[in-house]
Amino acid sequence: MSIHSLGGVLLLDVVLLIVGSALLSSFGAVSSHRDVVRLAGLAWFVGVAALGILISLELMVGIDYGPITVLVSAGALFAVGLVVGSRRSAPADDDLACGRRFGNQLPVVAVGVAILAVILEAQFRAGRLAGLYEWDAMASWVPKSKALYEWGHLSPAFLNQVGNGWYPPLVSVLDALAFSAMGSSDVVTLHLLHWSALVAFAAAVIGLSSRHVPQVMLWPPLLALAAAPVLTQHADSPLADLPLDYFLSLALILVVLWLLGGPPWCLVVASVLLGAAALTKREGLPFVACLVVASLVAGRFASRRSWAPLALMAIPAVLLTVAWDTWIAIEGVRSQSPEIGYLGLFTHLGRVWPSVHLTLHVLYGGSWWVALPLAVVLAIGSATVARAWSLAALGAGYVVLTILVCSWATLSFPVLPFTTNGAVNPIVRLSGAIVLPAMAILPLLLAEAWWPRREPREAPSSGL
Amino acid sequence: MRSPWVAALVIAAGIVVYPVTVLAVDGPPAFPSAHDCVHPATSDGKIWLVLGRFSDMAPAEQLAIRAARAGFVGTIATLDGCGRVVVATPGYTTLSGAQSAVEEARAAGFTASPEFEP
């Protein structure tokens with residue numbers, strides 16, 4: 001609301017960038033100042049993931065949240081990143097970018113950046129004085145963040161009072177970090193933290209993809225996504241859905257890059273992001289499973305057929321979910337399993353098709369995502385025609401599996417009506433986990449299909 | 001567009017066009033302050049007697065309890081929507097009635113002012 005609060009959000013952004021960049025350096029992802037700038041968006045998310053996971057674990061073992069905890073945690077992550085990164089002598093070892101020549105792309109980049117700037121500025125203006133109108137935000141996420149900021153811990157009695165108190169804590173931790181940086185629980189300016197996530201997401205997609213795809217294949221899908229109705233309506237909201245989608249999207253891009261011959265750090269960073277996804281929402285783990293299974297299927301068609309690194313990528317997500325579930329069980333926090341039970345599918349067969357149909361309707365029957373899901377299908381189809389089997393399998397596998405998971409959300413709670421009304425069924429917000437990651441890899445998918453690499457590769461570059 | 005300068009100009013134009021348009025149409029941006037939640041009563045209506053505003057809940061609750069003991073029944077301590085806690089006695093409908101209550105509050109040792117309820 002005030003300049004002071006705006007400065008607080010900016011300060012937090014800088015801290016997350018610094019921590020994330022140091023960790024990326026320790027993973028071997030950056031070896032020059034140019035890499036730091038190019039991967040700044042990814043660094044922001046790595047910072048969020050690492051700091052969010054660490055503080056969540058601290059809460060679980062009984063360490064209270066507070067300014068000292070935040071400073072020590074951020075400082076420790078930064079120090080570890082710096083020390084490990086400084087001991088790395090070898091530069092990042094990816095040479096993917098050398099496989100293709102794209103010619104003069106400056107016009108497309110300039111126009112793309114200019115349009116994206118307008119979209120982001122409009123989103124900033126909408127978020128700067130936005131009220132807390134989203135039910136989940138006012139009933140669950142923000143009260144938990146306020147509790148952390150005011151009391152320093154999540155008391156089981158409190159979690160049993162708020163809506164979905166048993167949901168994982170990462171977004172509440174992130175919002176509490178914003179309150180600490182702002183110096184008050186300013187729920188208005190809090191929207192700008194989520195705007196920062198949108199900016200970082202766009203920057204991360206550009207930074208990761210720009211050297212591997214022609215700009216004409218990168219910018220139109222990115223701009224279309226940034227202007228999609230679901231994104232423009234919810235990008236500033238202090239909810240957990242879009243942060244989950246961002247984590248999944250960036251992890252999926254990194255998996256694609258690894259499958260195409262990228263360096264090992266791609267999967268390391270992806271595993272950190274997937275761990276954060278599992279601590280973001282209850283639905284995080286099933287979506288992580290979709291991503292990993294689709295990756296394993298795609299791996300069968302890729303030059304790299306090793307399944308072990310792809311399977312290992314899911315371990316942080318599984319362990320963090322087990323840790324949180326154990327904590328809420330020990331503390332006596334009431335959780336909620338699917339109303340029909342995990343095998344209730346067979347006793348509720350009548351809900352199966354309506355649930356799937358509702359998901360498909362959100363994707364293809366309304367204006368929520370405009371034509372983006374259709375573009376995804378066409379891109380996967382074109383990749384199949386061009387025999388880019390690996391990425392076609394990854395895209396198709398991920399989309400099909402996540403459609404099933406989203407449908408399961410409606411199916412498993414008979415109390416949810418078959419409607420797109422967000423007040424009673426979260427399917428529209430959930431569908432972001434299908435569309436955002438699929439759109440994020442769409443440029444790579446198109447490039448792999450229609451912009452063949454030059455063989456043999458030329459001089460290796462120093463970074464991804 | 002071979003020159004990087006032209007590209008830079010296109011990007012700069014994209015960055016500048018939106019804020020310039022907004023400034024031209026809406027004027028300079030507003031930065032709401034705590035004062036925006038203060039609406040002094042100037043006529044009859046839904047009025048409450050504001051006894052104070054605080055940064056923290058604890059002193060506000062103490063004042064609310066003290067006011068209730070002094071006879072200002074129904075005094076509450078609640079968030080005012082601008083980041084502060086307001087202590088107020090609601091329930092007045094006429095400005096003259098609220099101004100009489102201000103005098104009674106002064107006599108009881110409180111500082112009070114009639115404001116429109118949000």
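Colleague: In strand 4 of chain B, which residue is the bridge partner of Val50(B)?

Modeller: This is a predicted model. Strand 1 of chain B and strand 4 (residues 113-116) pair in the antiparallel sense, over four bridges. Within strand 4 of chain B, the bridge partner of Val50(B) is Ser113(B).

Colleague: Which residue in strand 3 of chain B does Phe54(B) stand opposite?

Modeller: Strand 1 (residues 47-54) of chain B also pairs with strand 3 (residues 85-92) of chain B, antiparallel and over seven bridges. In strand 3, the residue opposite Phe54(B) is Val85(B).

Colleague: What is the secondary structure of chain A, in helices and strands?

Modeller: Chain B has paired strands, strand 1 and strand 3 among them.

Colleague: Which helix of chain A gives the most to the side that touches chain B?

Modeller: The contact involves 20 residues of chain A and 16 residues of chain B. On the chain A side, 13 residues come from one helix, residues 106-128. By class, that side has 14 nonpolar, three polar and three charged residues. The helix that gives the most is helix 5.

Colleague: Which residues touch the most other members of the largest nonpolar core?

Modeller: This core has 163 residues, and helix 12 (residues 241-259) of chain A gives the most to it, with 15 residues. Leaving aside residues up to four places away in sequence, Leu273(A) touches Ala49(A), Leu250(A) and Ala251(A), along with Phe45(A) and Phe247(A). Another core, of 20 residues, lies apart and includes Ala41(B) and Leu51(B). The residues that touch the most other members are Phe45(A), Phe247(A), Leu273(A) and Leu274(A).

Colleague: Why does the radius of gyration of chain A agree with a compact globule?

Modeller: The C-alpha atoms of chain A fill a box of roughly 65 × 55 × 45 Å along the principal axes. Of its 464 residues, 53% count as buried. Because a compact globule with 464 residues would have a radius of gyration near 23 Å, chain A agrees, with 21 Å.

Colleague: Over which residues of chain A does pLDDT stay under 50?

Modeller: The mean pLDDT of chain A is 91, and 93% of its residues reach 70 or more. Where pLDDT is low, the predicted coordinates should not be read in detail. That caution applies to one stretch for which the model has 20 contacts beyond four places in sequence, with pLDDT under 50 over residues 456-463.

Terms used: Residues are numbered from 1 along each chain as its sequence is written. Chains are lettered from A and ligands numbered from 1 in the order in which they are written. This is a predicted model: local features need pLDDT of at least 70, side-chain atom pairs count only at pLDDT 80 or more; totals for chains, interfaces and linings use all residues. Two residues are in contact if their C-beta atoms, placed from the backbone, lie within 7 Å. Helices (H or I, at least four residues) and strands (E, at least two) are DSSP runs, numbered from the N terminus. Ala, Val, Leu, Ile, Met, Phe, Trp, Tyr, Cys and Pro count as nonpolar, Asp, Glu, Lys and Arg as charged, and the others, Gly among them, as polar. A nonpolar core is a set of buried Ala, Val, Leu, Ile, Met, Phe, Trp, Tyr and Cys residues joined through C-beta atoms within 7 Å. A residue is buried if 20 or more other C-beta atoms lie within 10 Å of its own, exposed if 12 or fewer, and partly exposed in between; C-beta atoms are placed from the backbone. pLDDT is the predictor's confidence in each residue, from 0 to 100. The radius of gyration is taken over C-alpha atoms; the globule rule is 2.2 Å times the number of residues to the power 0.38. Two strands pair if DSSP finds at least two bridges between them.
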